[in-house]
Amino acid sequence: MSEQQATVLPERGHQAVDEATAVAHPNIALIKYWGKSDEKLFLPRTSSLSMTLDIFPTTTRVGLDAGAREDAVTFNGAAATGDALRRISAFLDLVRERAGVTHRAVVDTENAVPTGAGLASSASGFAALAVAAARAYGLDLDATALSRLARRGSGSASRSLFGGFAVWHAGDHRRPAAEADLTSYAEPVPARGIDPALVVAVVNAGPKDISSRAAMRHTVDTSPLYEPWARSSRADLTTMHAALAQGDFTAVGEIAEHNALGMHATMLAARPAVRYLSPATLTVLDSVQQLRRDGIAAYATMDAGPNVKVLCPRADAATVASVVGEAAPACQVHVAGPGPGARLIEGPQR
């Protein structure tokens, strides 16, 4: 495991501490995860592969409160309510059950990425929460076990435990639950001789009209294109591993682009359609095609949302950002490189 890919883990030992703070970064899948085989265990129908970014960190502090009757959660200074609070409390219940500690928690999260906009805020959020909560409650977990734990909050969080490129194994949902849980986790993927960047074009930073969870469930249930895409995605993963191992940037970009656009095609074919693409999205996609015609190796990928990420060599990132920004001047454009894995920190880093 390279220095960039290493995850700083909770110290060994089962002794709970008063509080712990962790930071994690979002990841963008180049081979997509879309659809679950087990909703409770968060087991995906297909494996996925991603790149962790060096921008938009989430910093999360978890403190134990022996006198509290409920968990208290704040996001960027505002109290969490509703589904967001329920998801975090349910995740903490899992941590408490495993640790044998019943204390409620005070959770304070600062998110540098817009939440719910298809920019992987749940990946960085639950990765940071998993690392901080495991330390605070005294769980003794290695990197694989932490990845499994983070998966139970948000599937893509399993990949943010690691820096650089990571693969999340779909696992085997046909096994008994305890065994199936052990089969689905992320691990680092080596990449040879490429120096990538992702230019992030934020078309719309607001929350999506339909959540990823609802959209993927609807797509799996109603889209006639879903199963063909899933079969194709499994093949894409094999060729992506080979492209990264060989340092073939063009192949990496081509595979990532057709995998992402294929995923959006499955949504458009759902009944009724799920459409995240906006006119500004299509403008950015057109600019990426023009960049390639001009000789720059630029390739688009998209998660569940209107925002576009453009994979390119780091040396071309400034040019790509300028072209995308000129094509869609209302967009916010950010440049990211490969980022670090989730880790404990000492003191605030915000």
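Let's start at Ala243, which sits in helix 7 (residues 226-246); helices here are DSSP runs of H or I with at least four residues, strands are E runs of at least two, and both are numbered from the N terminus. Keep in mind that this is a predicted model, where local features need pLDDT of at least 70, side-chain atom pairs count only at pLDDT 80 or more, and totals for chains, interfaces and linings use all residues. Residues are numbered from 1 along each chain as its sequence is written, and side-chain values use heavy atoms, with hydrogens and water left out.

Ala243 has a relative accessibility of 4%, so it counts as buried; the cut-offs are under 20% relative accessible area for buried, over 50% for exposed and partly exposed in between, with a 1.4 Å probe and protein chains only. Setting aside neighbours within four places in sequence, Ala243 is in contact (heavy atoms within 4.5 Å) with Asp248, Ala251, Val252 and Ile255. Asp108, on the other hand, is 135 residues away along the chain, and its C-alpha atom is 40 Å from that of Ala243.

Now over to strand 10 (residues 165-168), which is covered on both faces: Phe165 and Val167 are buried on one side, Ala166 and Trp168 on the other. Strand 10 runs antiparallel to strand 5 (residues 48-52), joined by 4 bridges, and pairing takes at least two DSSP bridges between two strands. Strand 11 (residues 186-189) is also antiparallel to strand 10, again with 4 bridges. Trp168 shows both pairings, standing opposite Ser48 and opposite Ala186 in strand 11.

Rings of Phe, Tyr and Trp (its six-membered ring) pair when their centres lie within 6.5 Å; planes under 30 degrees apart are stacked, over 60 edge-to-face, and the rest tilted. Tyr33 and Trp168 have ring centres 4.8 Å apart and planes at 70 degrees, so this pair is edge-to-face. Because Tyr33 lies in the loop between strand 2 (27-31) and strand 3 (36-38) while Trp168 is in strand 10, the pair ties together parts 135 residues apart in sequence. Both Tyr33 and Trp168 are buried. Phe91 and Phe126 make another edge-to-face pair, at 5.5 Å centre to centre and 70 degrees between the planes. Here Phe91 comes from helix 1 (residues 82-99) and Phe126 from helix 2 (residues 121-136), 35 residues apart.

Phe42, in the loop between strand 3 and strand 4 (43-44), has a positive phi of about 60 degrees although it is not a glycine. Phe56, in the loop between strand 5 and strand 6 (58-65), also has a positive phi, near 60 degrees. Finally, a cis peptide bond, with omega about 0 degrees, joins Arg271 and Pro272.
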